[in-house]
Amino acid sequence: MIASVRGTVTATGPDHAVVEVAGIGLAVQCAPGTLAELRVGQPARLATSLVVREDSLTLYGFADDDAKQLFELLQTASGVGPRLAQAVLAVHTPDAVRKAIANADTAALTRVPGIGKKGAERLVLELRDRIGPVPVGPDGAAGVTAGAWPEQVRQALVGLGWTAGQADQAVAAVAETVDGPTPPVPVLLKQAIRLLGRTR
């Protein structure tokens with residue numbers, strides 16, 4: 001079991017990063033919020049979960065052990081595989097997922113592509129007693145430092161293939177919509193990608 005990797009980020013793509021560890025480049029599948037934290041040429045540490053299939057070995061990476069543990073817990077629910085579990089964490093922070101399950105907030109869970117009403121109800125039913133501590137915050141999501149997110153989102157957009165100019169425009173447009181507490185980086189990144197999708 002590969003529990004974590006630490007090394008230099010040598011490349012990033014739309015859904016993965018390559019981390020070089022002792023001369024070996026490991027392809028790690030990551031959600032957009034995790035990719036937003038990575039910089040090519042810089043050291044990184046990712047908590048990882050190795051998913052073994054008959055025809056593949058896939059390494060999934062997370063910013064911290066909390067997200068990794070939730071990823072693995074989500075897969076214990078009926079009908080949830082690694083890709084769907086990662087999609088949940090791409091849309092919501094771990095705290096927001098716990099709060100949604102604990103409060104039977106199926107509307108929040110169905111925002112995840114691939115989860116319908118029945119799937120959300122099944123997640124609540126099967127995981128509610130095992131989800132762990134639920135955050136007390138108003139939206140269940142940890143905020144980010146107001147000055148930190150623009151650069152994180154910009155770097156993620158450039159890593160996903162947009163030009164620096166396009167990334168700057170999208171970040172500026174998203175910044176105008178932020179009023180009050182700053183949403184998590186994955187939420188801001190999704191907004192920016194939606195905006196850029198209209199201009200392509």
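Q: What makes the buried residues of helix 4 count as packed against other helices, and which helices are they?
A: Contact means heavy atoms within 4.5 Å, and the buried residues of helix 4 pack against helix 2 (65-74), helix 3 (82-91), helix 5 (106-109) and helix 6 (117-127). The model is predicted: local features need pLDDT of at least 70, side-chain atom pairs count only at pLDDT 80 or more, and totals for chains, interfaces and linings use all residues. Residues are numbered from 1 along each chain as its sequence is written, and side-chain values use heavy atoms, with hydrogens and water left out.

Q: Which residues of helix 4 are called buried?
A: Buried means under 20% relative accessible area, exposed over 50%, and partly exposed in between (1.4 Å probe, protein chains only). In helix 4 (residues 94-102), P94, A96, V97, R98, A100 and I101 are buried. Helices (H or I, at least four residues) and strands (E, at least two) are DSSP runs, numbered from the N terminus.

Q: Why is A104 called partly exposed?
A: A104 has 35% relative accessibility, so A104 counts as partly exposed. The residue lies in the loop between helix 4 and helix 5.

Q: Why is A22 called exposed?
A: The relative accessibility of A22 is 79%, and therefore A22 counts as exposed. A22 sits in the loop between strand 2 (16-21) and strand 3 (24-29). A22 is not a glycine, yet has a positive phi of about 55°.

Q: How is the chain divided into domains?
A: An automatic or database domain assignment supplies the bounds. They are domain 1 (4-62), domain 2 (70-128) and domain 3 (149-198).

Q: What is the area buried between domain 1 and domain 2?
A: Buried area is the accessible area (1.4 Å probe) that two parts lose on being put together, summed over both. Between domain 1 and domain 2 the value is about 730 Å², and carbon and sulfur atoms give 60% of that area.

Q: How many salt bridges are counted between domain 1 and domain 2?
A: A salt bridge needs a side-chain nitrogen of Lys or Arg within 4 Å of a carboxyl oxygen of Asp or Glu. The count between these two domains is zero.

Q: Which elements give two or more residues to the side of domain 1 that touches domain 2?
A: They are strand 4 (43-53) and strand 5 (56-62). Strand 4 gives the largest share, three residues.
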